[in-house]
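Please view the sequence and the structure below before reading on.

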Amino acid sequence: MINFEEEIKKFHPSLEIEEAEDAIYNNNISDITDVMIQMVNELKGEE
C-alpha cells in the first residue's frame, strides 16, 4: 500500500523553465564535436 505521507516527503518539484535552461546551458560538458576538435588539434600538434 502507498504511504502518501512518505511519498510527499520524497517529492522534489521540477525546475522552472528558466532554471532548467540555466542548468542546461551552464553545464560545461564536452560533446562529441568538442572531443573530435581536440583530437584533430592534437594530431596537428596544436593545443
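Predicted model: local features only at pLDDT ≥ 70, side-chain atom pairs only at ≥ 80, totals over all residues.

The side chain of lysine 10 meets that of glutamate 7 in a salt bridge, with 3.4 Å from N to O. Glutamate 7 counts as partly exposed, because its relative accessibility is 40%.

## The second pair in helix H1

Side chains of opposite charge can pair when their charged atoms come close. The count of salt bridges comes to two, and besides the pair already described there is one between glutamate 6 and lysine 9, whose closest N and O atoms are 3.7 Å apart.

Glutamate 6 and lysine 9 also lie in helix H1, three residues apart, which is about one turn of the helix. Glutamate 6 is partly exposed, because its relative accessibility is 37%, whereas lysine 9, at 63% relative accessibility, counts as exposed.

## A negative surface patch

Which residues form the negative surface patch? The patch is made up of Glu16, Glu18, Glu19, Glu21 and Asp22.

Glutamate 16, one of these residues, is found in the loop that lies between helix H1 (4-10) and helix H2 (17-25). Because its relative accessibility is 56%, glutamate 16 counts as exposed.

Note on methods:
Residues numbered from 1 in each chain as written. Heavy atoms only, no water. Patch = residues over 30% accessible without salt bridge, like charges linked within 9 Å, V, L, I, M, F, W, Y side chains within 5 Å. Areas by Shrake-Rupley, 256 points an atom, 1.4 Å probe, with all protein chains shown as cover. Salt bridge = Lys/Arg side-chain N within 4 Å of Asp/Glu carboxyl O. Lys, Arg positive; Asp, Glu negative; His and termini not counted. Charge placed at Lys NZ, Arg CZ, Asp CG, Glu CD. Helix = DSSP H or I, 4+ residues; strand = E, 2+ residues; numbered from the N terminus. Buried < 20%, exposed > 50% of the residue type's maximum accessible area, 1.4 Å probe, protein only.
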